[in-house]
Amino acid sequence: MRHIISILLENEPGALSRVVGLFSQRNFNIETLNVAPTEDPSLSRLTVTTEGDDRVIEQITKHLNKLIDVVKLVDLTEGHHIERELMLVKVKALGASRDEVKRTVDIFRAQIVDVTPSVYTVQITGDAGKLDAFVQAMAPIGILEVGRTGVSGISRGDKILSL
Amino acid sequence: MELLSGADMIARFLQDEGVERIYGYPGGAALHIYDALFRQDKVKHILVRHEQAATHAADGYARASGKPGTVLVTSGPGATNAVTGIATAYMDSIPMVVLCGQVASHLIGEDAFQETDIVGVTRPIVKHSFAIKHPSEIPEVLKKAYYLAATGRPGPVVVDIPKDMTAPTERYEYVYPKKVKIRSYNPVTRGHSGQIKKAVDMMLKARRPVFYTGGGIVTSGASENLTALVKRLGFPITTTLMGIGSYPQTDAQSLGWLGMHGSYESNMAMHHADLIIAIGARFDDRVTNNTSKFCPTAKIVHVDIDPSSISKTVRADVPIVGPADSVINEMISLLQGREMANAEALPEWWTTIDGWRAEREGKLYEPSQPGERLKPQEVIEAVYHITRGEAFVTTDVGQHQMFAAQYYKFDKPNRWITSGGLGTMGFGFPAAMGIKQNFPDDTVVCFTGEGSFQMMMQELSTCKQFGTGVKIINLNNGTLGMVRQWQDLNYKSRHAHSYVESLPDFQKLIEAYGFTALKVEHHDELDAALERTFADNDELVFLDIDVDPREHVYPMQVPLGAMRDMLLSKTERT
Ligand SMILES: Cc1ncc(C[n+]2csc(CCOP(=O)(O)OP(=O)(O)O)c2C)c(N)n1
Ligand SMILES: [Mg+2]
């Protein structure tokens with residue numbers, strides 16, 4: 001099963017490499033990885049999506065927790081949560097397909113953020129499934145380039161991941 | 001308030017931390033630190049002849065004393081030479097602090113002379129590492145390093161120190177930090193009471209219980225409590241290779257150690273148990289054999305300080321995260337006034353176990369006859385007797401290591417010193433050296449093989465410099481015995497590169513350093529040679545003993561089998 005693990009990490013040099021290194025060292029896989037500082041400059045928040053059965057996920061979280069630079073973590077998939085990813089896509093927009101791209105963008109509630117005579121650059125946010133669907137819808141028209149941020153997530157309601 | 005250079009801070013910190021001896025080797029990036037060490041005399045520096053030996057010596061000291069060992073090396077090759085020793089300590093959860101010189105900050109990343117990203121290189125084999133960014137943070141970082149190394153599940157910590165951080169011209173305020181806090185690091189101090197209660201209830205209801213305990217008992221100083229608990233319940237106990245000595249092996253309840261080359265009765269008892277109480281052990285593959293066939297009828301209680309060790313390879317029915325000592329203590333209290341639910345079952349269990357013991361009695365190996373070449377097993381037994389079982393015993397890796405574990409009996413923890421997790425040839429001699437230098441009144445024996453010894457024999461020079469009187473027993477079978485054994489069993493005796501050609505004349509080699517070396521070629525010479533070897537506790541003696549190269553280590557678990565599937569000799573199997 002796919003899991004989304006959010007980690008509060010010391011904002012220290014080398015901390016990220018310990019997390020990434022752990023995954024390769026222990027033969028765990030990383031599907032997406034997203035990391036940025038939080039409102040507290042001493043902490044980064046890192047969100048990783050990974051695939052594995054319960055035993056593997058249990059090992060992943062235990063090993064992550066053992067890293068000295070990991071301050072706290074939560075497996076968001078254990079509860080209700082919000083998952084978002086941002087994607088920037090360049091698509092071919094020539095002739096008749098120009099309109100079709102525009103229509104599809106509207107259907108997905110995406111935005112065109114840059115325009116040239118032959119290319120639209122589209123920005124879209126949503127869960128990973130929605131982004132995948134958009135990529136699929138655009139594929140026949142011609143995708144030129146894709147940049148995805150990787151999943152970021154947060155739990156619903158009053159539950160908070162903080163110090 | 002005191003103003004000190006970074007280098008002087010390091011020297012001062014080591015004094016204030018109570019570090020008596022450090023093991024190291026100098027080089028450009030570490031020279032400011034060496035100069036600071038020179039200008040003081042509280043912390044003694046032992047100059048090794050190879051940085052790997054520094055780590056093994058510090059490791060040996062740590063295993064014998066329970067305190068962190070300290071290593072100081074220079075950047076680049078100095079640091080990379082230390083890597084094997086760091087990995088060795090990591091695999092066996094040994095507390096160690098490794099101070100590495102580094103090129104000056106402004107050169108980092110430029111492939112400067114003797115620059116290696118040692119924090120990167122060692123990342124998967126350390127508990128944690130630090131890189132010093134400013135001299136003023138040295139005291140706190142060092143305190144954190146020692147704190148992390150020694151607490152929780154111990155392990156090696158690397159501190160990378162760029163040369164400019166120790167420059168003599170820049171001085172900063174030095175205060176010894178008595179305590180440090182790391183917000184993300186709070187090792188558990190006790191186990192979950194509800195879980196402990198559950199475990200105790202299961203223990204009282206068990207019909208065929210076995211304690212299976214490991215290095216965690218040694219690390220957490222839980223031997224006394226463990227012994228009390230095991231005595232109180234009357235259960236059999238087997239330990240891992242790392243746990244040897246944490247329960248007295250000469251006691252009737254001890255089944256010896258378990259696993260690949262563990263005792264027949266240990267592996268049989270585990271396989272047939274209905275309850276396994278694992279404490280400070282990690283269900284390592286050298287113990288469990290094939291996990292899908294592991295102990296089919298047993299419920300498992302697993303106590304460990306490291307949650308990631310629990311249910312990693314074998315699922316625990318009652319997981320308890322906590323330090324062995326405090327959990328065992330709580331178990332003992334909970335047992336007060338309570339009795340076994342099936343009082344008749346335990347004696348029956350012991351009858352079965354005694355049956356297993358009797359099956360193998362007197363069949364473990366065939367001793368040599370007068371005039372014949374000695375068997376390695378009997379040499380270990382003879383050393384056990386002459387040292388009255390009280391020596392610190394280190395080993396290298398191979399058949400001699402397994403024989404030492406099987407035939408030297410340990411009644412105390414911290415005395416059996418071996419590289420279990422990594423299995424590092426070359427560990428034994430420098431580890432013995434580190435122990436002897438810190439425990440000069442004790443007898444320190446290193447069992448080695450002619451293959452392993454040659455990996456770290458340069459330390460003879462260090463022993464000469466510091467007058468270190470270790471006893472080296474070379475079980476010389478003229479072959480990389482353990483490799484050869486596997487080749488006999490799995491490759492139709494095709495001995496690919498397991499024969500050591502051109503062995504040195506060990507006697508001459510040792511004598512070149514000014515030490516005594518004795519040669520034993522057959523049975524009749526052993527006793528006198530041992531007398532001579534152990535006559536003077538302060539003298540390094542090298543005993544080169546020709547042993548039978550055809551000997552195999554048995555029992556040996558059959559690959560992919562269950563605990564009970566063992567080869568018992570060249571012709572028998574379970
Ligand atoms: C550094 C290192 N290299 C290789 C091995 C693999 N290995 C395990 S035992 C062994 C043979 C050891 O020979 P020796 O020291 O003579 O001991 P013996 O088995 O003959 O008693 C080897 C090569 C190892 N454990 N460590
Ligand atoms: Mg050999």
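**Exercise 1. Work out how the donor residues of the magnesium ion (ligand 2) are spaced in sequence.**

Step 1. The spacing reads E-x26-N-x1-T. The pair B:Glu450 and B:Thr479 links distant parts of the chain, 29 residues apart.

Step 2. Helices (H or I, at least four residues) and strands (E, at least two) are DSSP runs, numbered from the N terminus.

A word on the source: this is a predicted model, where local features need pLDDT of at least 70, side-chain atom pairs count only at pLDDT 80 or more, and totals for chains, interfaces and linings use all residues. Residues are numbered from 1 along each chain as its sequence is written, chains are lettered from A and ligands numbered from 1 in the order in which they are written, and side-chain values use heavy atoms, with hydrogens and water left out.

**Exercise 2. List the protein donors of this magnesium ion (ligand 2) and classify its site.**

Step 1. Donors are N, O and S atoms within 2.8 Å of the metal (3.2 Å for Na, K and Ca); water is not among the atoms, so sites may look incomplete.

Step 2. Angles among the six donor atoms run from 51 to 176°, making the site irregular. Six donors count as octahedral if opposite donors are over 155 degrees apart and all others between 65 and 115; four count as square planar by that rule, or as tetrahedral if all angles lie between 85 and 135 degrees; anything else is irregular.

**Exercise 3. Are B:Glu450 and B:Thr479 buried or exposed?**

B:Glu450 is buried at 2% relative accessible area, and B:Thr479 is buried at 3%. Buried means under 20%, exposed over 50%, partly exposed in between (1.4 Å probe, protein chains only).
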